[in-house]
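Notebook open, structure loaded. I want to look at confidence, then the overall make-up, then a few local spots.

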Amino acid sequence: MKTRKFILFLLFVALLSPVYVGGKERLKVGLVLGGGGAKGAAEAGALKIIEDVGIPIDYIAGTSIGSIVGGLYACGYRSADLDTLFCSRNWKTLLADRNVEYNTDILRKKNGVTYFFGYPISRKKNKKTDRNIGVIRGDSVTGLFDRLTQRPDSIDFRDLPIPFCCVAVDLPTMKEIDLKSGWLSQAMRASMAIPGVYKPVQIGSYKLIDGGALNNLPVDVVRAMGADVVIAIDLTQNKHEVKNKTMNYKLKGLRLLVEWIKRRPDLMKYNQNVKDCDVYINPDLKEFDATSFSSRKIRKMIQRGEEAGEQARPQLVELKKRIYEHQN
């Protein structure tokens, strides 16, 4: 009787451990989601095909809009949920912190903020914000992330249903910061803080801006997390050659920013990351831009993402075989 119970227990454990066959662990899969503003809707479309093929995702790394899609996916949202989210929200209002109470007023001042048809265009300066570039604080979208992720406290992102990391850049030093713990919605907000538009996000000693400034397709980040193979969804449309590999990080302030514009260190990393992924999905989004948030354009970009995913289906099927053949 005891022997029978023990055998049943072993069978139960085996059923709960699908990554093991014959004592070998299958290859771990990393998903990379690139930045591109509204074009992130295409990532929801491409994810539909990845799910349909049945590829498991073990790690996620994202930048900018990719950090939003990736953070939600890591929390348990799936392509159908993301499709609904993209299509059901007034993103221009959310992302711009628009106060709908004042949307018919040409100008309105309230609590130190000047609104133009409800959009904040200036704020009364204070010691905490007067040195921070950008007008929009992103309170509305951060609140949305809080509600969607349902993780209002500081956490280790590796403890999410799918381990997650998002990329930001420390503005004073122009160094890449890979966020792996903390307040999830704040990290997502930091990764999408476009310089000059959004206020940088202060996390610890870092003043963080959009991660796309240095790593818009963080294949290297998801590899470092433990991924053996990588699927990357890239929203970049215009490809560029590397200008100059040398970057002088000893410069400060505006001089450092000018140095970045001249050297574009992000291009070298981007080109290398494209080469280093196993399946590369790059939807055709040339007619769209980062602000294409109309419902018609969102729907069309989701469709373009699906089409790109379908084109990559043969590669995805082969990758799935490779993932599980490793166990044999």
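Confidence comes before anything else, since this is a predicted model. I get a mean pLDDT of 82 for the chain, with 72% of its residues at 70 or more.

Two stretches go on my caution list. Over residues 98-103 pLDDT stays under 50, and the model has 16 contacts beyond four places in sequence for them. Residues 115-119 also stay under 50, and for these I find 27 such contacts beyond four places in sequence. Where pLDDT is low, the predicted coordinates should not be read in detail. I'm leaving both stretches there.

Next, the overall make-up. I count 12 helices and 15 strands in the chain. Of its 328 residues, 47% are buried. I also looked up how far apart in sequence the contacting residues sit: among contacts between residues at least 6 apart, 72% join residues at least 24 apart. The chain exposes about 16800 Å², and carbon and sulfur atoms supply 53% of that.

Cavities next. How many cavities of 30 Å³ or more turn up in a search of the whole structure? I find one. The largest cavity has a volume of about 40 Å³. I wrote down its lining: Ile65, Ile68, Val69 and Leu72, then Leu82, Leu85, Phe86 and Trp91. By class that makes eight nonpolar residues, no polar and no charged. Helix 3 (65-75) and helix 4 (79-88) each supply at least two residues of this lining, and helix 3 gives the most, with four. A reminder to myself on helix geometry: an α-helix has 3.6 residues a turn, so residues three or four places apart point the same way.

Then helix 2, residues 41-53. I have it as mostly covered, with 10 of its 13 residues buried. I checked what comes after the helix: glycine 54 follows helix 2, and its phi is positive, near 90 degrees.

Last stop, threonine 236. I place it in the loop between strand 14 (229-233) and helix 9 (253-263). Is threonine 236 buried or exposed? Its relative accessible area is 17%, and the cut-off for buried is under 20%, so threonine 236 counts as buried. Which residues is it in contact with, leaving aside neighbours within four places in sequence? For threonine 236 I list Asn216, Tyr270 and Asn282.

Notes. Residues are numbered from 1 along each chain as its sequence is written. This is a predicted model: local features need pLDDT of at least 70, side-chain atom pairs count only at pLDDT 80 or more; totals for chains, interfaces and linings use all residues. Side-chain values use heavy atoms; hydrogens and water are left out. Buried means under 20% relative accessible area, exposed over 50%, partly exposed in between (1.4 Å probe, protein chains only). Contact means heavy atoms within 4.5 Å. On a 1 Å grid over the protein atoms alone, a cavity is a set of points where a 1.4 Å probe fits but cannot get out, and a pocket is an open set with protein on both sides within 12 Å along at least five of seven lines; lining residues have an atom within 4 Å of a point. Grid points are joined across faces, edges and corners, and a volume is the space filled by probe spheres set on the points. Ala, Val, Leu, Ile, Met, Phe, Trp, Tyr, Cys and Pro count as nonpolar, Asp, Glu, Lys and Arg as charged, and the others, Gly among them, as polar. pLDDT is the predictor's confidence in each residue, from 0 to 100. Accessible areas come from the Shrake-Rupley method with a 1.4 Å probe; for residues, only the protein chains shown count as cover.
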